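Here is a short briefing on one protein model. Look at the structure first, then work through the points by topic.

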Amino acid sequence: MRRSQLPAPTGYIWIDEASRLTGLAPKTLYNYRHQGVGPPSNTYRRKVVYKLADVEAWIAEQLAPAVDPARLRESRPPEPKKPRAVTNR
């Protein structure tokens with residue numbers, strides 16, 4: 001049996017399946033893995049695997065990013081500065 005045909009461990013998916021779920025190219029997922037940006041990953045028999053729950057959580061986080069509490073106080077944009085009155089001395 002070829003390695004590409006081996007089933008992923010229970011609860012894990014290969015990088016090709018993670019690519020399909022996230023809509024990102026496998027190369028992008030490899031780059032994200034190197035940068036520590038994308039979903040957490042592991043290796044199994046020298047191949048990259050992703051925990052399915054981690055991939056789904058990462059996708060949900062990307063679709064609904066966390067709200068910045070500092071921005072909640074901004075109810076409207078700041079008022080424009082009024083020009084100073086010119087005084088003749």
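Asparagine 42 counts as partly exposed, because its relative accessibility is 39%. (Buried means under 20% relative accessible area, exposed over 50%, and partly exposed in between, with a 1.4 Å probe and protein chains only.) This is a predicted model: local features need pLDDT of at least 70, side-chain atom pairs count only at pLDDT 80 or more, and totals for chains, interfaces and linings use all residues. Residues are numbered from 1 along each chain as its sequence is written, and side-chain values use heavy atoms, leaving out hydrogens and water.

**Around asparagine 42**
- Asparagine 42 sits in strand S2, residues 41-44. (Helices, H or I with at least four residues, and strands, E with at least two, are DSSP runs numbered from the N terminus.)
- Leaving aside neighbours within four places in sequence, asparagine 42 is in contact with Tyr12, Arg33, Lys47, Val48 and Val49. (Contact means heavy atoms within 4.5 Å.)
- Tyrosine 12 is 30 residues from asparagine 42 along the chain, and their C-alpha atoms are 9.4 Å apart.

**The salt bridge**
- Searching the whole structure gives one salt bridge. (That is a side-chain nitrogen of Lys or Arg within 4 Å of a carboxyl oxygen of Asp or Glu.)
- Its partners are arginine 20 and glutamate 17, with the closest N and O atoms 2.5 Å apart.
- Both partners lie in helix H1 (residues 15-22), three residues apart, about one turn of the helix.
- Arginine 20 is exposed, at 56% relative accessibility.
- Glutamate 17 is partly exposed, at 29% relative accessible area.
- Side chains of opposite charge can pair when their charged atoms come close.

- H1 packs with helix H2 (residues 26-35) at an angle of about 100 degrees, and their axes are 9 Å apart. (Axes are lines fitted to C-alpha atoms, for helices over the stretch in contact; angles run from 0 to 180 degrees between N-to-C directions.)
- So H1 is roughly perpendicular to H2, a label for angles of 65 to 115 degrees.
- From H1, Ile15, Asp16, Ala18, Ser19 and Thr22 meet Pro26, Leu29 and Tyr30 of H2.
- The residues of this contact divide into five nonpolar, two polar and one charged. (Ala, Val, Leu, Ile, Met, Phe, Trp, Tyr, Cys and Pro count as nonpolar; Asp, Glu, Lys and Arg as charged; the others, Gly among them, as polar.)

**The whole chain**
- The protein chain has four helices and three strands.
- Their order from the N terminus is β-α-α-β-β-α-α.
- Of the 89 residues in the protein chain, 17% are buried.

Notes. Angles under 35 degrees count as roughly parallel, over 145 as roughly antiparallel, 65 to 115 as roughly perpendicular and the rest as oblique.
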